[in-house]
Amino acid sequence: MTLSAQPTRKKGFGRQEGAAHVFLTPWLIGLVAITSIPMVASLALSFTDYNILGRPTFVGWENYERLLGDARFWNAAEVTVTYVLISVPLQLAFALALALVLDKGVRGLTIYRSAYYLPSLLGASVAVAVLWRQIFGHQGMINQILGYFGVQGENWLQNPSTALSTLIVLNVWTFGAPMVIFLAGLRQIPEELYEAARVDGASTMRQFRSITLPLLTPIVFFNLILQTIGSFQAFTPAHVVSGGTGGPVDSTLFYTLYIYQQAFVNFDMGYASALAWVLLVVIAAITAVHFLLSKRWVFYGD
Amino acid sequence: MAEQTLERPRAAAKEPRIPDQIESVSARKVRRRNSILRHTGLIIFGLFMLYPLIWMAVSAFKPSHLVLTDPGIIPTETTLDNFRRGWNVAGYPFAVFFGNSLIIAISCIMGNLFACSLTAYALARLNFRAKKVYFAIVLVSVMLPMHATIIPQYIVFSNLGLVDTFIPLILPKFLATDAFFIFLMVQFIRGIPRELDQAAWIDGAGPFRVFWHVILPLMKPALVTTTIFTFIWTWNDFFGQLIYLTSPGAFTVPVALNALVDSESNQGTGVLMAMSVLSLVPILCFFAFAQKHLIRGISTTGLK
């Protein structure tokens with residue numbers, strides 16, 4: 001119907017519904033079978049009691065009521081929010097600072113960029129989590145080095161008040177990815193603006209405040225969203241470093257680790273689905289708030 | 001932005017060149033001093049950042065009694081013992097886990113290249129009614145946490161008897177579930193001049209021929225980026241492989257490594273470091289060969 005509805009268009013430039021849907025077939029199947037139906041099913045499951053062997057039984061809001069009284073749920077939420085609130089700003093600050101230094105026409109840029117980027121490439125791996133477990137272990141590298149200075153090191157991973165910090169350090173260490181994006185953003189700022197500012201006698205600080213920062217806000221925003229969403233879903237380091245327990249005393253019980261335990265260790269699928277949906281709603285809400293707030297501080301030029 | 005350069009267009013004009021005769025000797029000294037200071041800072045900071053990785057690589061070659069006593073990176077004794085002991089420690093030779101990881105990574109790459117390029121072409125170039133809606137769905141699904149869908153997916157695959165096979169890890173890629181790559185490719189195709197494919201349309205080529213003969217060859221950089229990122233993400237993936245692969249013969253490198261950690265007390269840190277280093281070698285190789293594409297890929301997605 002669509003082709004004939006536009007007889008005046010040149011052949012091939014009208015609607016291409018048929019062809020498009022052939023191209024889109026894999027994606028559409030995936031969207032329905034791998035994304036949409038499971039999403040709805042996950043919501044439905046969250047109102048049931050289901051241990052994968054029997055049949056799901058409908059329990060109404062029971063899982064959500066259970067959440068409210070579940071100390072481990074609140075603890076996992078607190079651990080995760082703490083992790084995001086501390087590590088993301090630190091990570092972005094490092095990323096921006098290093099990008100600014102590297103943008104000043106440093107010789108050997110490629111080497112520095114690669115070196116700083118490498119940790120973010122490896123940071124998500126089990127291997128680096130294993131390394132972290134060693135570094136911060138009781139006889140680990142950190143304590144050996146502290147020993148040189150006569151400082152008696154902590155048992156970082158066994159102490160509930162320091163265990164989470166080691167994971168925060170790991171996340172901050174992977175600032176290379178946002179740094180590369182900042183660098184690319186800095187390259188987009190027209191050189192003429194700086195030339196004009198220099199002619200007007202603006203200081204370096206002033207140039208940064210009045211040119212660099214405003215023009216970079218879309219990139220800051222992009223990195224902020226990306227890293228926030230990513231950090232909320234961190235799993236591997238917490239799992240490996242704590243041996244899957246989230247210990248000591250649940251101090252590294254990331255939210256995703258709690259979902260994992262409930263779903264794939266206890267096979268409490270209904271409750272785990274409720275947990276997953278809370279995460280989905282929280283991430284969606286945070287992203288929406290970011291977008292709303294962004295109207296106040298993100299500067300879209302041209 | 002087909003071939004986006006990462007260098008500032010007028011990089012040369014950045015610091016107005018003052019001929020040497022005019023620039024005073026003291027100004028030159030100041031500039032030189034600043035440059036040395038900056039490089040020193042950058043190098044020290046870089047070493048500080050890479051220190052754990054270097055230490056891991058060196059520890060893999062240290063005899064076990066030195067690993068836990070020597071935080072230095074210049075080994076006094078070296079040995080291959082850690083690798084020899086670690087290779088067979090998980091019940092299977094590590095080669096099995098490498099093979100499994102490789103099969104999954106290559107399949108996922110093929111899936112993403114195939115499904116995401118088809119989708120991206122339709123979204124970037126073809127005219128159809130739901131286009132805007134579909135593209136919005138792609139954007140939203142980039143941000144969708146996997147936890148919202150993983151539980152029902154697991155239940156379905158489990159009921160189909162597919163847990164402990166590679167299918168749950170591979171099949172979704174052939175159905176373009178990695179929306180990030182669709183987005184990347186759409187952005188890339190939009191940067192290809194429309195005249196190129198319109199000329200082919202006018203010559204009577206249909207959408208499939210245009211896609212295959214014109215667009216696909218032109219979007220090679222985007223395909224390379226997709227390949228590299230899919231490889232690295234699949235190689236690093238832990239959550240999916242942990243829940244779907246249950247028998248040691250099906251383990252991938254990360255899952256095997258994790259299992260090795262649980263028996264750490266018997267193995268010793270040296271063995272763990274050796275196997276960790278080995279597990280990173282493929283990523284490091286990819287990085288060494290594809291560094292430029294990788295950086296370009298990650299920076300272009302951050303723009304526009």
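Predicted model: local features only at pLDDT ≥ 70, side-chain atom pairs only at ≥ 80, totals over all residues.
Trainee: How many residues are in contact between domain 1 and domain 2 of chain B?
Mentor: Seven residues of domain 1 of chain B contact seven residues of domain 2 of chain B. Together, these two domains of chain B bury about 590 Å², and carbon and sulfur atoms account for 85% of that area.

Trainee: Which residues of domain 1 of chain B lose the most area to domain 2 of chain B?
Mentor: Met56(B), Ala60(B) and Val67(B) do, and together they give 60% of what the domain 1 side buries.

Trainee: And how many salt bridges are there between domain 1 and domain 2 of chain B?
Mentor: The count of salt bridges between these two domains of chain B is zero.

Trainee: Which helix gives the largest share of the domain 1 side that touches domain 2 of chain B?
Mentor: Helix α1 (residues 25-59) of chain B does, with four residues. By class, the domain 1 side touching domain 2 of chain B has six nonpolar residues, one polar and no charged.

Trainee: Changing topic to the two chains: how many residues does the contact take from chain B and from chain A?
Mentor: The contact takes 97 residues from chain B and 107 residues from chain A. Chain B and chain A bury about 8900 Å² between them, with 73% on carbon and sulfur atoms.

Trainee: How many salt bridges are counted between chain B and chain A?
Mentor: One salt bridge is counted between chain B and chain A. In a salt bridge, the side chain of Arg129(B) meets that of Glu17(A) at 3.0 Å, N to O. Between chain B and chain A there are also 10 residue pairs in polar contact, both residues being at pLDDT 80 or more.

Trainee: What gives the largest share of the chain B side that touches chain A?
Mentor: Helix α15 (residues 269-301) of chain B gives the largest share, 15 residues.

Trainee: How does the chain B side that touches chain A divide by class?
Mentor: The side of chain B that touches chain A has 66 nonpolar, 22 polar and nine charged residues.

How values were computed. Residues numbered from 1 in each chain as written. Chains lettered and ligands numbered in written order. Heavy atoms only, no water. Contact = heavy atoms within 4.5 Å. Buried area = accessible area lost by both parts, 1.4 Å probe. Salt bridge = Lys/Arg side-chain N within 4 Å of Asp/Glu carboxyl O. Helix = DSSP H or I, 4+ residues; strand = E, 2+ residues; numbered from the N terminus. Nonpolar A, V, L, I, M, F, W, Y, C, P; charged D, E, K, R; others polar. Polar contact = N/O pair within 3.5 Å; in protein donor to acceptor, adjacent residues only side chain to side chain.
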